[in-house]
Structure formats: structure tokens, C-alpha cells
Amino acid sequence: MFSIRLSPQKWHFSDQNNSKSANQTFLPKISNSQNAGNNEITENAPSAGRIKRLVLTQEGRTKLNTNPDREFYSYPRFVTHVDNNFISNLTNLYRENLRPEMEILDLMSSWISHLPQEVKYKKVVGHGLNAQELARNSRLDYFFVKDLNKEQNLEFENASFDAVLCTVSVQYLQQPEKVFAEILRVLRPGGVFIVSFSNRLFYEKAISAWRDGTAYSRVQLVVQYFQCVEGFTQPQIVRKLPNVNKEDNSIFGRVMGLLGLLSGSDPFYAVIAYKNFKPIHE
């Protein structure tokens, strides 16, 4: 593992038109003798999750915008993609499930990680597609840039993290089975993987199976991502839906309220599972 913290001023951005450099990290590569230079799925690596079945069809993996994701995320977006109520629910969920001694991988992250401000974790490593956003994230000790739709392997040793987080981004994964298997590999036994999402998305960049789905089917899709990899515990679902608009008691009003379209509040969903077993903490 690397042990230095790099400042943003030291980065040298590569030419994104060069196909070889487009997917390289802006930090020194982490030593990983088992996976270095190997872009194949890591299901046969020691402690890696075996993919029992594929969840998505080929059509379900498609996107409306087929341009490289690195191009879409080439400029920083210093905005919150969900509302304050969602963020509060997410931070509370992290507060309940994460402990200070943990080493955390914040996957598909941005300029904010939504971790509780009062908690100092042992280490937080960030991943994303825009270096400027990640550099602004004060909770990250290190970060790296990688397009998981092109290359799913994570260049960490087996059992490197106690927790992996994926916030409002799972809808963009075109190879979720491989990514979830790789996450299981880098988790320590008893480690937790928390996937959170709402009803917001970059429509043209979300996969077809997500775009065309309902709130219920999207939750079930993430559950299936966990279940298709051998080694995760039974996923736990967390739902916090906005209150129905009290001034509109019609069926339409209730449905719209549940979707957060009348209340102005984003619905909160999270799916949580552990590697091998759920630990008990006193």
C-alpha cells in the first residue's frame, strides 16, 4: 500500500485522447502482485467472490450516451446530487455502521463523502472519474481515477478494507457482477458494503435496466448484484420514503408523494451486505 499523501499541485494530467493513459490513476499504483496488469475478472483470485450467475442481459447494460465515461465526467461538478434529507439519512446510516478504526474505500466518489464530520476514520481512500472533484474531498487520504466500466479490477491486495461505500452511482455500472466480486475480494472478513441511491440519475449514462425500472425493481436489482456473488451475506434493505403530500389525498397525489415528486424530498434507499458474516460489536 502507498504511504504518502499527494497534494493536488503535484498531479500531471494525461492526454485523454491517448487510450493507454485515459484509464491510469493519478496516484502511484498500489502494489498488488496478484492483479497487476490483469484486467480479467478476479473471481479465481484467493478470497475473491465467485460470480454464480449474470444478473444483466447485454441489452440491460447499454447506455443512451455511448461516449467514454471519462469524457462525460471530464469537468468537475461541485454540486450535491441529492437533497439534504437524503444526505442526512446517509450520514446517519454511516454513523450507525462504520467505526473509527475502519479503513474505508469510497467507490465512485465525488467532492463530498457524506461521512459523519465528528468521526475520524483510520483511512479513507477515494475513487472516481474526476480528479478535481476528488481533490476537493477533505475526507480522503488518497484517491485514484479509474473507469470501472472499462476495467473492473481494483489494484489493492486482498482484504484491504473494512468497508466499501457506493453512493448514488451504482446505476452507471455496466459490469456490476464483476465489480461486486472485486469488492468482496478487497473487503476483510466481516467487512461491509453499503450501496445507496435515490431516484435521481444522469439519464443518458444510466444502464438500460436501471432507466427502464421502477423504484422497487431498482432495489431488487442491487439485491441481485449482491446475491450473484458468492460470499456476501443476505442483503439488508433500508428504505426511507418522503411523506405523502397531506394536501393531496388522491391516488395520484399519494403515488407522486411516495416518489418524492410532490414533497420535493428525495427517497432514500440503501442495500447493505457483509463479507462472509455480519460482525457483532458490543
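The chain folds into seven helices and nine strands, where helices (H or I, at least four residues) and strands (E, at least two) are DSSP runs numbered from the N terminus. The model is a predicted one, in which local features need pLDDT of at least 70 and side-chain atom pairs count only at pLDDT 80 or more, while totals for chains, interfaces and linings use all residues. Residues are numbered from 1 along each chain as its sequence is written, and side-chain values use heavy atoms, with hydrogens and water left out.

Of the 282 residues in the chain, 54% are buried; buried means under 20% relative accessible area, exposed means over 50%, and partly exposed lies in between (1.4 Å probe, protein chains only). The chain exposes about 13700 Å², and carbon and sulfur atoms supply 49% of that area (Shrake-Rupley method with a 1.4 Å probe; for residues, only the protein chains shown count as cover). Among contacts (heavy atoms within 4.5 Å) between residues at least 6 apart in sequence, 72% join residues at least 24 apart.

The largest nonpolar core contains 46 residues, and Val-170, Phe-180 and Phe-193 have the most contacts inside it. Such a core is a set of buried Ala, Val, Leu, Ile, Met, Phe, Trp, Tyr and Cys residues joined through side-chain atoms within 4.5 Å. At least two residues of this core come from each of strands S2 (103-107), S4 (142-145), S5 (161-167), S6 (187-197) and S9 (268-274), and likewise from each of helices H4 (176-186) and H6 (215-227). Beyond its neighbours within four places in sequence, Phe-193 touches a set of residues that includes Val-164, Cys-166, Phe-180, Ile-183, Phe-226, Phe-232 and Ile-272. A second, separate core has 28 residues, among them Ile-87, Leu-98, Val-119 and Val-238.

Because 10 of its 11 residues are buried, H4 is largely enclosed by the rest of the structure.

The structure holds 10 salt bridges, each defined as a side-chain nitrogen of Lys or Arg within 4 Å of a carboxyl oxygen of Asp or Glu. In one of them, the side chains of Arg-50 and Glu-230 meet at 2.8 Å, N to O. Arg-50 lies in strand S1 (residues 50-51) and Glu-230 in strand S7 (residues 229-230), so this pair ties together parts that are 180 residues apart in sequence. Arg-50 is partly exposed at 41% relative accessibility, and Glu-230 is partly exposed at 41%.

Another salt bridge joins Arg-188 and Asp-162 (2.9 Å, N to O). It links distant parts of the chain, with Arg-188 in strand S6 and Asp-162 in strand S5, 26 residues apart. Arg-188 is partly exposed at 25% relative accessibility, whereas Asp-162 is buried at 18%. Both residues belong to a network of salt bridges that also links Glu-103 and Lys-123.

Arg-200 and Asp-266 form a further salt bridge at 3.0 Å, N to O. Arg-200 sits in the loop between S6 and helix H5 (208-211), and Asp-266 in the loop between helix H7 (251-258) and S9, so the pair ties together parts that are 66 residues apart in sequence. Here Arg-200 is partly exposed at 39% relative accessibility, while Asp-266 is buried at 5%.
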